[in-house]
Amino acid sequence: MQRAKSWTLTDIASDVWLDTFGTGGDHLPLGACRNWSIRKRTLHGGLRAGVDLIDVDNGALAFTVLPTRGMGLWQGRYRGVHLGWKSPVHGPVHPSLVNTADRGGIGWLTGFDEWLCRCGLASNGPPGEDAYTDRQGRARRDLLSLHGRIANQPAYYVEVRVGLDPPYELSVTGQVEEGGLFYPHLVLTTTYTTAPESNRVVIHDRVENRGAEPAEMQLLYHCNIGSPLLEAGSRVVAPYREVSPISGRAAEGIDTLEFYAGPAPGFAEQVYCYDLVGDAAGRTLALLSNRACDKGLVLRFSRHELPCFTVWKNTGALEDGYVTGLEPATNFPNLKTFEREKSRVVLLPAGGQWETTWSIEVHDSSADVAAALAEVVQLQAQAKAVIHRTPHPKFSAAG
């Protein structure tokens, strides 16, 4: 059994909360690696006042965890390559200052500037009315806001753990509750894990239904990338059976599906839904590379756990948020009513749980990007790629 040292930073059950925390290779060397650190701090001033950060640096890859914002990842860097995007929001924004009901249910966007944020847990997708019949046979109509609540829920338990034996894993675990009276009682437990000088962070999530009745669950991972990985000529590739524009607007860009334009003021977002190909175990990947194909970001996940994949293109002006989203999920980002009809809403029994383990890799060489592309090509050889030029009813209500 591997030895480890752990620290509890937040635990509301025991009334524990550490204002600051720090550890690293200067006093805890991990093998030959001393250039690592994990540090916690709390921000002050402006919209970020009261937001807790946990900065993890493995000596090559660094990222910032946001316990106050649903355990999302704010920003990162890998050997000088910035990971994330420049949002018009000067965040991270404290959840108490985000009114999700604002502007017809899209107020979630006033806190949106993370590299990785979760959309869920009870629902995600656009704002609107969810019409359904509850378990008592009653007709219900619930107003849903954009992308749900979890990204604006603070963690009630946070722990840091450092492995003292190879591979010397560094991890941050947090628990976030989404619930209320007459509301599903869902709990997310997430762990980010990396190793010294690795180019990879592994995300393990477990969602539990702690209520006494079955509860619906949706989860979409909004992984957002801007410059320098995103630029004119950048390319996104993934092995797929089918891909469909989610709307007529997205259909306008179907001829340049894999490629990105430079920043353009007034650009209207485009969204594409993918049915991906996996290997015998269901494992698949998606790659975003820059124009020169010497830098790239790879998502690896299982189709059995995250069967839906979406690409969001928002190549507007730099000042307005030049960004793309690579989004593995349990569902496509349609209104929950539509996704339920397509059997893409997870139903957790009382006491039941759902789990996934997936990863983000960053590459900074032509050889590594080419190797990832070769994996995509190998998987693509298993299926003929079908591109729907207009929205297909399998993927969106616009079809």
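How many residues lie between β1 and β2 in the hairpin that they form, and which residue in the turn has a positive phi? Before you look, keep in mind that this is a predicted model. Now select β1 and β2: the hairpin has 4 residues between the two strands, and Asp15 in the turn has a positive phi of about 55°. The two strands pair in the antiparallel sense over 2 bridges, and if you pick Asp11 you will find that its bridge partner in β2 is Val16.

**Across the open sheet**

Now widen the selection to the open sheet of 10 strands, whose order is β2-β1-β12-β13-β14-β15-β25-β21-β20-β17, with antiparallel pairing. At its edges are β2 (16-17) and β17 (235-237), each of which pairs on one side only. Further along the sheet, select β21 (residues 296-302) and β25 (residues 353-363), which run antiparallel and are joined by 5 bridges; in this part, Gly296 stands opposite His363 in β25.

**A stop at Thr173**

Return to the sheet and select Thr173, which has its place in strand β13 (residues 170-180). Is Thr173 buried or exposed? Its relative accessible area is 15%, so Thr173 counts as buried. If you show side chains, you can see that the side chain of Thr173 makes a polar contact with that of Thr191 at 2.8 Å. Leaving aside neighbours within four places in sequence, the residues in contact with Thr173 include Met71, Tyr157, Val158 and Glu159.

**Aromatic rings**

Now turn to the rings, for the structure holds 10 aromatic pairs. Select Trp85 and Phe112, which form a tilted pair, with 5.2 Å from centre to centre and 55° between the planes. Because Trp85 lies in the loop between β8 (81-83) and α1 (102-105), while Phe112 lies in the loop between α1 and β9 (116-121), the pair ties together parts that are 27 residues apart in sequence. Trp85 counts as buried at 7% relative accessibility, and Phe112 is also buried, with a relative accessible area of 5%.

Select Tyr240 and Tyr274 next, an edge-to-face pair with 5.6 Å between the centres and 85° between the planes. Tyr240 belongs to strand β18 (residues 240-245) and Tyr274 to strand β19 (residues 270-276), so this pair ties together parts that are 34 residues apart in sequence. Tyr240 is buried, with a relative accessible area of 8%, and Tyr274 counts as buried at 4% relative accessibility.

To see a cluster of rings, select Trp85, Trp108, Phe112 and Trp312, which are linked by ring pairs.

**Charges over rings**

For the last stop, select Arg149 and Tyr183: Arg149 lies over the face of Tyr183, at 4.6 Å from the ring centre. Then select Arg249 with Phe267, where the charged end of Arg249 sits over the ring of Phe267, 4.8 Å from its centre.

Notes
Residues are numbered from 1 along each chain as its sequence is written. This is a predicted model: local features need pLDDT of at least 70, side-chain atom pairs count only at pLDDT 80 or more; totals for chains, interfaces and linings use all residues. Side-chain values use heavy atoms; hydrogens and water are left out. Rings of Phe, Tyr and Trp (its six-membered ring) pair if their centres lie within 6.5 Å; planes under 30 degrees apart count as stacked, over 60 as edge-to-face and the rest as tilted. Buried means under 20% relative accessible area, exposed over 50%, partly exposed in between (1.4 Å probe, protein chains only). A charge sits over a ring if NZ of Lys or CZ of Arg is within 6 Å of the ring centre and within 35 degrees of the ring normal. Two strands pair if DSSP finds at least two bridges between them. A polar contact is a pair of N or O atoms within 3.5 Å; within protein, one must be able to donate a hydrogen and the other to accept it, and residues adjacent in sequence count only if both atoms are side-chain atoms. Contact means heavy atoms within 4.5 Å.
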